[in-house]
Amino acid sequence: MTRIEADYLVVGAGAMGMAFVDTLLTETDATVVLVDEHHQPGGHWNSVYPFVRLHQPSAYYGVNSCALGNEDSVDTAGWNEGFFELATGHEVCAYYDQVMRHRMLPTGRLTYFPSARYLGGSTFATLDGTEHSVSVRRRVVDATYLLTVVQSMRSGPPFAVADGVDVVTPNELPRHAPGRQHFTIVGGGKTGMDCCLWLLRNGVPADRLRWIMPRDSWLLNRANVQPGPVFVKQLRKSIGTRMTAITEATSIDDLFTRLEADQSLLRLDPTVRPTMYHCAIVSLGELEHLRLVEDVVRMGHINRVDPDQVALQGGSVSTPVPSLYVDCTTQGLPRPPSVPVFDGDRITLQSVRGCQQVFSSAFIAHVEAAYGDDAARNALCEPIPHPDAPIDWLRMLLADNRAQARWLKDPELLEWLQSARLNVLRDLFLLLPDKPRVREKAIGALTVALGAANERLAALMESSV
């Protein structure tokens, strides 16, 4: 067994681990050992389907110190026209490789072990079987607590499949699609949407698609999650209409009706009330094309697929022609119980802003570097579990508002938030007045508004119990 000394042992070189290490190397002189099971950095991005893209802008994804693609690039064609570009899976993997080779390793303070297996504690084994022990001066950082599992990482679909039925993962769809007369997309989340859109984009008529959707989802409008000064007016407007909707809503159903009316939230079928919310983001152009698929089966999860029918929890549907089934059923965002981010000799990376994992990881690294005790650190880094049901939209916003109110009280932290490229709200902070007294007054008014919104959110949630 070999022995290595370092300030931090970070387990996981996925998006969260890379964002944490980047900020730590930038803002401190710490030494880091980074261990990961994949052959290159990027985590689950190494296993994604070939036509995947980010559903949030590249402009606030990746690591804080390095732009992903051209940060000023706005798409001029396609279903994302008019919005910041969305990196492909291949671009994301190449980006993390570049960050590792040209940004992190040249510091001389990072020792990176790809294709390695973490054994627990401070030990790991490399590909050749050699075990290594790290003498950790500061902390072990778990960057795998919110590990994302995609379809290609599983051994098979979660339902029975009869002989003669073809079921593929989204990774295999481009290879198996040619010559097929019918496709059945299984799963109502973002991956299922991506598969439908890929088939439509490649000329498959909508009437040759069947979409098995156990739950409909509320979707975020991409127009409202654009960073940068060009979009800041739209961002301010969307926040304002959202606050008005919260203030005036008489129930949770009424709130979602209001949010849909101003296009803060979207849904596939206006006649079906969604029972899922996973932070998925679409453009109105994408939504328009998804609505072309009329054969949508809403009868729960699949139990068994036979050549001539599909048995679901709520009944069976016939299959008039042989269909290629595309399994899009992984849960996407993991939802383990929240634990303290800072706990003695351990850091557990989690979202401290709703569904903003990479920003959260960079933020946690900054808080680790800038604050002296774990009580203060944990007060700033309250974990926000990933959502599942529509009520979680309220829960997450309440937690986000509470965190934002805490952050606004700290001038140095506010300065960091204004400079962080991973912070989608950074341009809003730049609008705060420069004069100290006027600025303090504006922050005070914003804090009061956040508190009032939270009181109303809490009341709406209580009324639904």
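How do the axes of helix H1 and helix H2 cross, and within what distance do they come? The points below take up this question and then move to the sheet and the cysteines of this predicted model.

1. Two packed helices are described by the angle between their axes and the distance between the axes. Here the axes of helix H1 (residues 15-27) and helix H2 (residues 89-104) come within 12 Å and cross at roughly 20°. Angles under 35 degrees count as roughly parallel, and H1 and H2 are therefore described as roughly parallel to each other. The crossing of H1 and H2 is left-handed.

2. The residues that meet between these two helices can be picked out in the structure. On the H1 side they are Ala15, Met18, Val21, Asp22, Leu25 and Thr26, while H2 contributes Tyr96, Val99, Met100, Arg103 and Met104.

3. Strands of a sheet pair through backbone hydrogen bonds, either parallel or antiparallel. In this model five strands make up an open sheet with parallel pairing, and their order is E8-E18-E9-E10-E14. Strand E8 (166-168) and strand E14 (296-297) are the edges, and because each has a single partner strand, one side of each is left without a neighbour in the sheet.

4. The pairing of E8 with strand E18 (residues 324-327) is parallel and runs over three bridges. Within this pairing, Val167 has Tyr325 of E18 as its bridge partner. Helix H4 (residues 190-201) lies across strand E9 (183-186), strand E10 (209-212) and E18, and it runs at about 175° to E10.

5. A disulfide is a covalent bond between the sulfur atoms of two cysteines. The model has one disulfide, formed by Cys279 and Cys355, whose sulfur atoms are 2.0 Å apart. The link of Cys279 and Cys355 is right-handed, with 75° about the S-S bond. This pair links distant parts of the chain, 76 residues apart, since Cys279 is in strand E13 (residues 276-282) and Cys355 is in the loop between strand E20 (346-348) and helix H8 (357-370). Both Cys279 and Cys355 are buried.

6. Cys93 counts as buried because its relative accessibility is 10%, and Cys196 is buried with a relative accessible area of 0%.

Technical notes
Residues numbered from 1 in each chain as written. Predicted model: local features only at pLDDT ≥ 70, side-chain atom pairs only at ≥ 80, totals over all residues. Heavy atoms only, no water. Disulfide = S-S within 2.5 Å. Helix = DSSP H or I, 4+ residues; strand = E, 2+ residues; numbered from the N terminus. Buried < 20%, exposed > 50% of the residue type's maximum accessible area, 1.4 Å probe, protein only. Pairing = 2+ DSSP bridges. Contact = heavy atoms within 4.5 Å. Axes fitted to C-alpha atoms, helices over the stretch in contact; angles between N-to-C directions. Parallel < 35°, antiparallel > 145°, perpendicular 65-115°, else oblique. Left-handed = near helix turned anticlockwise from the far one by under 90°.
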